[in-house]
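Keep the structure in view as you read.

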Amino acid sequence: MTRSPVATVLVLCLCASFALAQTPPPGQQPDQPQDRRPESTPDQPQPSKQDARPEPQPSARDAASQPGPAPAASFDQVIDRTIEREHFFIAQMKQLHPLVETYLQNLKPDKELDVNVPASDVYFLGRLDMSSGAPGDLNFNSPGSGKFHRRIMEKIAGKLFNMYLPLGFAQMAILDQNFQRKFYDFTFVRREFLGEVRCIVMDVAPKKDAGPGHFIGRVWIEDQDYNIVRFNGTYTTHSRNNYYFHFDSWRQNMRPGVWLPSLIYSEESDLKTSLGQKLDYKSQTRLWGYNLNYTRNSEFTEITIDAPQEVQDQSQKSQDASPVEAQRAWEHQAEINVLDRLQRVGLLAPEGEIDKVLQTVVNNMMVTNNIDIPEVHCRVLMTTPLESFTLGHTIVISRGMLDVLPDESSLAMILTHELAHIVLRHHLNTKLAFNDRMFFPDERTFERMDFARDKSEEEAADKKALEMLNNSPYKDKLGTAGLFLKAVQARAPQLKNLIRAHLGDSLLNGDATRMSSLMTSSPQFDPRKLDQIAALPLGGRVKVDPWTDQLELVKTKPVAILAATEKMPFEVTPFFPFLTRFAAAPEKTAPAPDPPAEKAASSPSGR
Ligand SMILES: [Zn+2]
C-alpha cells in the first residue's frame, strides 16, 4: 500500500504533534488531546510524493525474522537500512498496545546529605495506542471522572502536575514518527557493545531547515538488521513556550528481528519553563504487555465463562457440593475471575519463577506456625507503587515493592501480613464471582477493583502477622523490616504516589504504618549511615520481559556503597539493561516461541 500525498501530510502533522512539548499553553488542560497540536506544524516541509514509502504490511514484521540481506557495505548503507527498519518499527507500533507506566520524582536539594532528594512524585499508567497514526493513550489513573481526578492529582503532586503529560513520556519511545534522511545529518561515532549486542553508534542532528520536533542526539544501531536499540537526546524546538525533556530510550529484542521500546529514563536538572518554574526531576518509563492481544474495538475484554477446574471437579462427584464446599468454590471463582482479568489487562504477571520464591517464604511461615491452608499462592503485580493484597488464597505483591524491600525478612513481613488475612478468613468480595462484573474497559480497572481492607481487618492482620513472624525463622532478623517501615514513614510525605496503593493495601493507612510495632525494636533510621540499607532504589530486583510479561529476579552482584548519596532509597535511577538478541536468549525467559502469527492469535494468559 502506497501512502497517498494527503495521507503523508496528515502523518507528518501527527508526527509533529507527537513530538510536542511537555507543557500545554497556560490555561489548557493537558488531558485534552486537541491541545497537543503545535503551532509550528504549517512550517514543516511538505514531503514530495516520491518520499512516500511503502507502508509495511502487518504480517511483514515477521519477515524480519528471515535472514537479512548482506551486511551494509558503507556508513551510507547503514543509514538507509536504519531508516527503513525504523519505518517498519512505526508500522509495528501501530498494531501494538503496550501498557506505559511513568513514575517521576521532583527533586530538591538536601543540605545535610549535599545531594538532591525527592520532593514530590507523579505517577501515570496508561495504554499506548498509535493505531490512528498519532499516539493516544487510555489513562488508568483518571477513570472517567477527569475533573475530580485532576483535583486529587493536583493536591497530591502540587502545581507541578500540570507540567507533565503522560504522552510526553510515552512519545520518548519514538525517535521520529516520520524518520527521513533529508531531515537529518548523520555522523559515525564508533562501534560499541551494549550487553552482547554489537552496535554502530552515530550522532543524529536535524538539518537547519528541518523544522522543529525532530530528534537530536545519539543513536545505537545493532549491526545485524540495523534496528535502533537505544537513542539518547531530545527533540528540537523553536518556540519559547514549548520545550522537550532529555531522555535515554531503550528497546529490547522481543521477537526475532523485532526490537520494541521497553525502558526510558528522563531527567532535567535546571530546565526553566515559560511560567518561570524550574524543573528538576528524574523519571522512569516502562512499557510492557505487548502480547496481550488488546484490541481497541472490543471495549469489553472477552471473558472466559468456564468455571474454575475445582468447581468442575466437584460437579463430577456423584453429589452436590455441601453448603461449606459451595461457599468455598464460590469464593474461589471470584478469585479466579479477578486474577484472570488482571492478567489480561497486563497488570498481573503470568505465573512464574518469582512466585515460587515468594511461595517459599510463605511456606516457611506456614510450616513453622502449623498452618494448614491448601492452595495459598503468590503472584506479582507489574506496577511500581508499593502495594500488596490478597485475593482469596492468592497473595499479590507489586513489582515496585519487591524492588525496594531490602532483605528476605522484610519480604516475609509483607507476605505474612497478607497471609494473616487468609488465616483470619478475611473474604474477597464475592460479588466478583459473577462474571459480568469483569466486563469493563481496562482503564477502569482501578475504579472497579478495590481489594483494600478496612481498619479493623488491617489491625487484626498486623497482630496475627506479628505472632506468626515471632514464631518463624525470621524472628531474630526483623530489625531490617522495622527499619524499612521507618524509611517508608520518613519518605511518605514526598512520595505519596509511590506509597499510594491502587488496588490493595498501602503501607500507610492515614497516620498508621503497617506492622508498626516492628519499628520500636529496630535501629534508628539514619540516611547518612553507609552500612544501613533501609530500602533499595526502584528497578533493581525484578526484570520484566515486555513481550510475555514474565518476570525474572535480577542476579547482580551487590555493589559496595561508597557514599550515602548512593543508597537512594525508593529512588528512580537511569537504566542500563544488558541487551541480548532474542535467538540468543535462554529458553526459560522465552517459552514456546510459536510462529509469531499463530502466537498473536492465541490467548496471552496461558491458562
Ligand atoms: Zn492488609
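H9 crosses H11 in the right-handed sense. A crossing is right-handed if the near helix is turned clockwise from the far one by less than a right angle, and left-handed if anticlockwise. The model is predicted: local features need pLDDT of at least 70, side-chain atom pairs count only at pLDDT 80 or more, and totals for chains, interfaces and linings use all residues. Residues are numbered from 1 along each chain as its sequence is written.

Helix H9 covers residues 408–423 and helix H11 covers residues 455–469. Helices (H or I, at least four residues) and strands (E, at least two) are DSSP runs, numbered from the N terminus. The axes of H9 and H11 are 8 Å apart, at an angle of about 115°. Axes here are lines fitted to C-alpha atoms, for helices over the stretch in contact, and angles run from 0 to 180 degrees between N-to-C directions. H9 contributes Ala412, Met413, Thr416, His417, Ala420, His421 and Val423 to the contact. H11 contributes Glu457, Ala461, Asp462, Lys464, Ala465, Met468 and Leu469. Two residues are in contact if their C-beta atoms, placed from the backbone, lie within 7 Å. The contact of H9 with H11 holds eight nonpolar, three polar and three charged residues. Nonpolar covers Ala, Val, Leu, Ile, Met, Phe, Trp, Tyr, Cys and Pro; charged covers Asp, Glu, Lys and Arg; the others, Gly among them, are polar.

Next comes a sheet. Three strands form an open sheet in the order S11-S13-S12, with mixed pairing. Strands pair if DSSP finds at least two bridges between them. Strand S11 (377–381) and strand S12 (388–391) are the edges, each pairing on one side only. Neighbouring strands are turned by 25° against each other on average, direction ignored. S11 runs parallel to strand S13 (residues 394–398), joined by five bridges. Histidine 377 stands opposite threonine 394 in S13. Helix H7 (residues 353–368) packs on this sheet, touching S11 and S13, and its direction makes about 130° with that of S11. H9 packs on the sheet too, touching S12 and S13, at about 30° to the direction of S12.

Where does leucine 402 lie? Leucine 402 is in helix H8 (residues 399–404). Leucine 402 counts as buried because 23 C-beta neighbours lie inside 10 Å. The cut-offs, with C-beta atoms placed from the backbone, are 20 or more other C-beta atoms within 10 Å for buried, 12 or fewer for exposed, and partly exposed in between. Not counting residues up to four places away in sequence, leucine 402 touches Val380, Ile397, Arg541 and Val542. Its C-alpha atom is 9.0 Å from that of leucine 538, which is 136 residues away along the chain.

Two loop residues deserve a look. Most residues other than glycine have a negative phi. Asparagine 370, in the loop between H7 and S11, has a positive phi of about 50°. Asparagine 370 is exposed, because it has 7 C-beta neighbours inside 10 Å. Arginine 425, in the loop between H9 and helix H10 (445–448), has a positive phi of about 55°. Arginine 425 is also exposed, with 8 other C-beta atoms within 10 Å.

Finally, the whole chain. The protein chain has 15 helices and 17 strands. Of its 607 residues, 43% count as buried.
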